[in-house]
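User: Please take a close look at one part of this model, the strand pairing, and then connect it to the rest of the chain. Give the cut-offs behind each term as you go.

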Amino acid sequence: MQAFLMICIGLLLASCGGEKQSKSTVAAIESGEKTRMEWQKARRPVEIHIGGMEGTPPAWPQLGVYMAVNATTPEERQAFAGAVFTRKGEVYVSPNRNAVTSDTTAAISVCHPFRKGLGANDTLRLTAPFRENLYGVETSRSIGNAIESTFRLQSSMALLRIVCESDDLRDWLDGITLIGDGIYTEGCYQPYTGRWLDRKAIGGIQAESANCLLNNGRKHDLYLIPTETACSTTIIIRINGKDHALRTMLPPLTAGNMTHLSIRKDGEGVAINGSWVETERSLAYEHRMMPVDSVQTGHYLQRDGTIQVGRDTLSIAVVIETDGRHGKAVALSDCQGLFVFSGNGVSSGRRFPTIDGTRKEGIINPTNDIHADDRIIYKPGMPYPDDCALGYADGASLTQGLGEANIQKKQGSSFGRQTMLQEVARHPGGYAPSLGELAKLYYLLECDKSSLLKGSIAPLQGEYLTCSESGKDSFYLMDFTNGIVTGGLSKRYARAKLRLFYLF
């Protein structure tokens with residue numbers, strides 16, 4: 001472009017030298033203008049397509065793009081020298097108006113995440129913990145109104161996925177640490193080629209998604225620098241403040257594959273009870289977890305044990321109380337069907353013979369004229385003692401105690417009826433609420449005008465089970481339609497709905 005301008009200026013100056021040159025000068029200027037216009041027409045924007053994702057927008061909001069264009073202007077070269085392209089519909093485009101070129105054969109490189117200022121062969125030093133790193137392999141290119149280049153994204157990381165479970169739903173996972181000679185903790189990385197150089201194994205790698213319930217179904221993903229050979233590895237699982245060391249041999253950690261380990265804790269300790277390898281795992285955009293101490297009442301618990309602000313198809317419960325990091329959530333809807341407490345006389349060992357020391361039943365905060373003997377005045381924070389059914393709000397411990405007793409007693413006949421404990425076992429991290437927890441939920445939904453829960457969950461209507469026992473063969477049930485608490489119902493025969501609570 002600069003050379004073209006110099007020629008035009010020279011021709012213009014020459015045109016002032018005399019009348020004999022005027023016709024040829026005008027022709028040269030017209031020719032130069034035509035050439036400039038044709039050059040402008042030849043310049044096209046670049047569109048990046050991600051193959052294998054037809055019909056749905058790609059998941060990644062941004063890509064890094066490097067294109068070694070043979071351009072005549074610094075602005076054009078800079079626009080493609082490691083630039084960010086953002087998703088627009090099903091393609092990625094540059095927001096820079098200078099990102100147009102006539103060089104349709106220039107090599108294009110793509111990576112995720114975008115790293116500013118890096119060229120196609122540049123490297124950077126990365127240290128653990130690692131995240132997903134992707135690079136693109138171009139599969140096709142077409143030239144129309146834009147230079148349309150299609151890429152297949154590939155991972156430069158191996159993925160180790162650890163899933164834990166326990167016989168005790170109250171077990172807490174404090175951390176997961178991976179140590180081994182083949183567990184590299186740092187290396188030099190080329191984002192646009194996916195190559196790792198100068199790898200080192202110093203110390204260990206810790207999972208970032210720990211500090212949660214062990215049994216909530218969360219997948220603990222550790223992205224690792226690939227290895228060419230199998231490696232001996234020590235996995236340290238810290239549960240309830242105690243370390244458990246597992247030694248195992250991991251297969252070669254190939255880029256783009258996933259090694260899955262299932263780890264189970266029981267009364268005898270911790271062991272690996274299953275493993276497999278996926279040679280080609282699906283790539284997915286990595287959603288960052290919510291910052292520490294940011295969880296609020298009204299946020300949503302997901303199937304994978306994480307919390308997010310908005311509700312979607314993976315939401316299973318809404319947060320009812322929290323310290324900003326952990327707490328309780330109530331299921332968005334009832335379990336399907338009606339359930340009995342148990343099929344036998346199973347007991348957690350904790351019984352609440354009365355609601356308030358006097359009565360076994362009554363109506364919570366009645367709005368009509370109800371006799372004093374039938375009223376139950378309840379509000380969260382009222383000084384009900386924990387030896388009172390309304391004052392005990394640890395349904396997880398009661399449910400756990402019932403489950404352990406049920407195993408020892410061996411489930412008896414339930415006459416073909418579904419039992420509460422069988423249903424709870426189907427929901428990792430879930431438990432049957434105590435009467436105190438169900439009463440609090442009733443207050444928030446029916447009595448507290450400022451509650452954030454209203455409209456967040458399906459309405460509770462009719463009679464609901466609790467895990468609070470009122471006697472050897474009886475338990476407490478609550479009628480949400482009328483706010484009635486009833487004790488003395490048969491564990492074997494009284495059937496009711498079940499709305500689970502979750503720890504997180």
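Analyst: Strand β10 (residues 158-166) runs parallel to strand β19 (residues 258-266), and the two are joined over eight bridges. Strands here are DSSP runs of E with at least two residues, helices are runs of H or I with at least four residues, and both are numbered from the N terminus. Two strands count as paired if DSSP finds at least two bridges between them. Within this pairing, Ile162 has Leu261 of β19 as its bridge partner.

The model is predicted, so local features need pLDDT of at least 70 and side-chain atom pairs count only at pLDDT 80 or more, while totals for chains, interfaces and linings use all residues. Residues are numbered from 1 along each chain as its sequence is written, and side-chain values use heavy atoms, with hydrogens and water left out.

The β10 and β19 pair belongs to an open sheet of four strands, ordered β16-β10-β19-β20, with mixed pairing. At its edges are β16 (219-224) and β20 (269-278), each of which pairs on one side only. From one strand to the next the twist averages 20°; the axes are lines fitted to C-alpha atoms (for helices over the stretch in contact), and angles run from 0 to 180 degrees between N-to-C directions.

As for the whole chain, the protein contains six helices and 31 strands. Of its 504 residues, 47% are buried, where buried means under 20% relative accessible area, exposed means over 50%, and partly exposed lies in between (1.4 Å probe, protein chains only). The protein exposes about 24900 Å², and carbon and sulfur atoms supply 50% of that area. These areas come from the Shrake-Rupley method with a 1.4 Å probe, and for residues only the protein chains shown count as cover. Among contacts with a separation of 6 or more, 68% are between residues 24 or more positions apart; a contact means heavy atoms within 4.5 Å.

Gly175 gives a local example. This glycine is in strand β11 (residues 172-179) and counts as buried because its relative accessibility is 14%. Apart from neighbours within four places in sequence, Gly175 touches Ala210, Ile236, Ile237 and Arg238. The C-alpha atoms of Gly175 and Asn211 are 6.1 Å apart, although 36 residues separate the two in sequence.

Next come the charged side chains. The count is 18 salt bridges, each being a side-chain nitrogen of Lys or Arg within 4 Å of a carboxyl oxygen of Asp or Glu. One of them joins Arg170 to Asp168, with 3.0 Å between the closest N and O atoms. Arg170 is partly exposed at 35% relative accessibility, whereas Asp168 is buried at 16%. Another joins Glu138 to Arg141, where the closest N and O atoms are 2.9 Å apart. In the bridge from Glu423 to Arg426 the closest N and O atoms are 2.7 Å apart. Here Glu423 is buried at 7%, while Arg426 is exposed at 57%. Salt bridges also link Arg125, Glu186 and Asp198 in a network.

The aromatic rings give ten pairs. Rings of Phe, Tyr and Trp (its six-membered ring) pair if their centres lie within 6.5 Å; planes under 30 degrees apart are stacked, over 60 edge-to-face, and the rest tilted. Phe341 and Phe475 form a tilted pair, because their planes are at 35°, and their ring centres are 5.1 Å apart. Phe341 lies in the loop between β24 (327-331) and β25 (362-364) and Phe475 in strand β29 (residues 474-479), so this pair ties together parts 134 residues apart in sequence. Both Phe341 and Phe475 are buried. Tyr431 and Phe501 are also tilted, since their planes are at 50°, with ring centres 6.1 Å apart. This pair links distant parts of the chain, with Tyr431 in strand β27 (residues 430-431) and Phe501 in strand β31 (residues 501-503), 70 residues apart. Tyr431 is buried at 0% relative accessible area, and Phe501 is buried at 1%. Elsewhere, ring pairs join Phe130, Tyr189 and Trp196 into a cluster.
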